Amino acid sequence: MSKKILVTGGNGLVGSNFKGKKNYVTWGRDHCDLRNKYSVEKSMSEEIFDGVIHAAAKVGGLGGNMNFKGEFFYENIMINTNVIETARKTRVENLVCFLSTCVFPNDVEYPLTEKNIHMGPPHFSNDAYAYAKRMADIQIRAYREQYGLNYKSVIPTNIYGINDNFDIENGHVVPSLIHKCYIARETNTPLTIWGSGKPLREFIYNKDVAKLTEWVLHNYNEDEPIILSTSEEISIKEVVDMIIEIMNFKGEVKWDINKPDGQYRKPSDNSKIKHYLPNFKFTPIYKGLSETISWFETNYDKIRGTKNQSIVTSQQ
């Protein structure tokens, strides 16, 4: 039986990039319950896996993280613990686990580096999720020390792209903005956006994350996680302007400055990935947005976050 690479979260933003790829096996939620130890053990024992890319997680937007802290903590702890432990027990040689930038302390010097993950509590709004993700890092370090396994973790910045969750209330910033703009265009209504548009963020295309993760799986062997980032900051307003241009939205744009902006900036240090891959070419954000929007409009009726959205197009 040939060895293969298992990808959890196989229908998600990163994992879907490995679908159909030779020697890769992608698991979605319908394959097995990763929260259940016995379900994971049974499924992982049915094939021989040389490596695991663990991208599955219980995720959500700001509201979900604040309102369902118990669920977010428990489910992510169980998912990560079961996958990592079962990988060890089934003698998987290489594993990459996805963390998140929310693992970083709320009060920390910028730019964010791999060394300061555990140097203070995370932001209160998503602390349960952040601590669960931090524990994956602890588990991996412990397994490396005791068992000598080549397990490691990655910390991507704001990922966007095809197969994202475009739920307006619970999705992340880029998919939510795309969906809002689509509805405003189709209904001939103003596009209303929270805040001033001034905050800065670092966005990375999901296809780039998949390529970098594949490299990490086979080539990276350090105790510390590695940040996956362009380290190029862009304002929310600039992103909105690009989306408006790509989607040919001609209506009114309203900035609701009574709503919070969130953290102004949280720049990261990508010097480690640049050291290893100095010639890696990141996808320009305009190109990535164009590809994402094209896919979104083509598949609107069958993607995450749009199925229950009713749109009544105005009469011309």
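1. The structure is a predicted model, in which local features need pLDDT of at least 70 and side-chain atom pairs count only at pLDDT 80 or more, while totals for chains, interfaces and linings use all residues. Residues are numbered from 1 along each chain as its sequence is written, and side-chain values use heavy atoms, with hydrogens and water left out.

2. Helices and strands are DSSP runs numbered from the N terminus (helices are H or I with at least four residues, strands E with at least two). Helix α5 covers residues 173-187, and its 15 residues should span 21 Å at 1.5 Å a residue, which agrees with the 21 Å between its end C-alpha atoms; the expected span is 1.5 Å times one less than the number of residues. After α5 comes Asn188, which has a positive phi, near 55°.

3. How enclosed is α5 by the rest of the structure? It is largely enclosed, because 11 of its 15 residues are buried, where buried means under 20% relative accessible area, exposed over 50% and partly exposed in between (1.4 Å probe, protein chains only). Among the buried residues are Pro175, Leu177, Cys181 and Ala184. The elements that cover the buried residues include the strands β6 (158-160), β7 (191-194) and β8 (200-205), together with α7 (236-246) and α9 (285-298).

4. The axes of α5 and α9 come within 11 Å and cross at roughly 55°, the axes being lines fitted to C-alpha atoms, for helices over the stretch in contact, with angles from 0 to 180 degrees between N-to-C directions. This makes α5 oblique to α9, since angles under 35 degrees count as roughly parallel, over 145 as roughly antiparallel, 65 to 115 as roughly perpendicular and the rest as oblique.

5. In this pairing, Val174, Ile178, His179, Tyr182 and Arg185 of α5 meet Leu289, Thr292, Ile293, Phe296 and Glu297 of α9, where contact means heavy atoms within 4.5 Å.

6. Tyr286 also lies in helix α9, and with a relative accessible area of 34% it is partly exposed. Leaving aside neighbours within four places in sequence, Tyr286 is in contact with Met242, Glu245 and Ile246.

7. Cys32 sits in the loop between β2 (24-27) and α1 (37-44), and it counts as buried at 10% relative accessibility. Not counting residues up to four places away in sequence, Cys32 touches Trp27, Ser39, Val40 and Ser43.
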